[in-house]
Amino acid sequence: MATTSFTKKSLGLETSEPAVTPPPASTTTTSFTKKPKLGAAKSKKREIPEGLWTKCPKCSTMVFDKELDENLKVCPRCQYHFPIGARERIHSLVETCTFEELNAEMTSVDVLKFTGTASYTNKLAEYQKSTGSKDAVITGMCKIGEHRAALGVMDFSFLGGSMGSVVGEKLTRLIEKATEKNLPVIIISTSGGARMYEGMFSLMQMAKTCGALAYHAQARLPYISVLTHPTTAGVMASYASVGDLIIAEPGAMIGFAGPRVIKDTTQAELPPGFQTAEFLQEKGFVDKIVGRQELRSEIARVIDYCGK
Ligand SMILES: [Zn+2]
C-alpha cells in the first residue's frame with residue numbers, strides 16, 4: 001500500500017517536472033536577459049519627456065520644465081497660467097529671506113467626527129503628508145519691494161484650497177496683526193469654497209475673516225485681494241471679494257457656484273467667457289488683470305500709491 005502510494009506520488013512529481021521544467025528554463029534565460037534591457041529602455045524613453053517637458057493645456061506647446069519654472073509656471077507662448085503652489089508663490093512675491101511665517105503648526109480638529117469615503121482625520125493626515133503643509137493657507141509677514149506687508153497665500157493642492165477653521169483663523173490672526181502693526185494685507189486666493197468636513201465651523205470663517213478686514217479698513221489700511229484660478233464659493237463670497245483693490249490672474253475662473261449649476265438652475269444660456277477674470281473685469285467686479293510675472297511689481301506699486 002505504502003509503496004504504491006509512494007510511487008504514485010513520485011510519478012506525479014516526475015510527470016509534472018520534466019514536462020514543465022525544460023521549456024521555461026530556456027525561455028526564462030532568454031527573456032531574462034532581454035526583458036530588463038527592453039524594460040529599462042522603455043522606461044527611460046517615457047521618463048525623459050515626462051520629467052523635462054510639460055504640455056501646455058491651452059496651446060499644446062511642449063514647454064521645457066526649467067523654462068516653465070523660470071517663467072513662474074506661465075506658458076511662454078500663450079501666457080497660460082499653470083497652477084502654482086503656495087511656497088512657490090511666496091517665493092515669487094517677497095524679497096529674499098523676508099518672509100516670517102505665522103502659526104505654521106496650526107491644525108484642524110475633527111469636531112464633527114466626519115466620515116465619508118474616508119474620515120476627515122485621515123484626509124488631513126494624507127494631505128499634510130503630500131503637501132508638507134498643515135492646512136490650505138500659509139500666512140506671514142514679509143517685504144514686497146520696499147514695503148512691509150502681511151501676506152496670506154492659499155494652496156489649492158491642499159483639499160482644494162478649502163476654507164476650514166484653520167484657514168479662517170490663520171487669516172484672521174494675520175489681518176489683526178496687520179491692523180495692529182499698521183500694515184497692508186495681501187491675500188492670494190484659490191479655493192473650492194468652505195470645507196464641508198467642518199460644517200458650520202467652516203461657514204463661520206466667512207464672517208470672522210470679513211469682520212477682521214472691517215477693522216483693518218477702519219484703520220484706513222489697504223487690502224489687496226488677488227484672485228487666482230479657481231476662486232469660488234465660500235471664499236469668493238467672503239474675504240476674496242472685499243478687497244480695496246481686486247486683482248485677478250489672466251484666465252482665472254472666479255465665481256460662487258459653478259457654471260453648470262447656474263445653467264441648470266436658471267435654464268438660460270450663459271454668455272461666452274462666463275466667470276472668467278476677463279468677463280468679471282468687463283462687468284466691473286475685477287479692477288485689474290495682472291500676469292504672474294508682473295504681480296510683485298504691481299503690488300509694490302499699489303502699496304506705494306497708498307502711502308504704506
Ligand atoms: Zn501655452
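Reader: How do β6 and β7 pair, and over how many bridges?
Author: In this predicted model, β6 and β7 pair in the parallel sense over six bridges. Two strands count as paired if DSSP finds at least two bridges between them; strands (E, at least two residues) and helices (H or I, at least four) are DSSP runs, numbered from the N terminus.

Reader: Which residue is the bridge partner of serine 189 in β7?
Author: Leucine 227 is the partner of serine 189. The chain crosses from β6 to β7 through helix α7 (residues 199–218), a right-handed β-α-β crossover: with the strands pointing away from the viewer, the path from the first strand over the helix to the second runs clockwise.

Reader: What about β5 and β6, parallel or antiparallel?
Author: β5 and β6 are parallel, with four bridges. Valine 185 in β6 is the bridge partner of alanine 150.

Reader: Is β6 buried or exposed?
Author: Seven of the seven residues of β6 are buried, so β6 is largely enclosed by the rest of the structure. Buried means under 20% relative accessible area, exposed over 50%, and partly exposed in between, with a 1.4 Å probe and protein chains only.

Reader: And what is the strand order of the sheet?
Author: The open sheet of seven strands has the order β3-β4-β5-β6-β7-β8-β9, with mixed pairing. The edge strands, β3 (100–102) and β9 (288–289), each pair on one side only.

Reader: Which conventions apply to the numbering and the model?
Author: Residues are numbered from 1 along each chain as its sequence is written. Local features need pLDDT of at least 70, side-chain atom pairs count only at pLDDT 80 or more, totals for chains, interfaces and linings use all residues, and side-chain values use heavy atoms, leaving out hydrogens and water.
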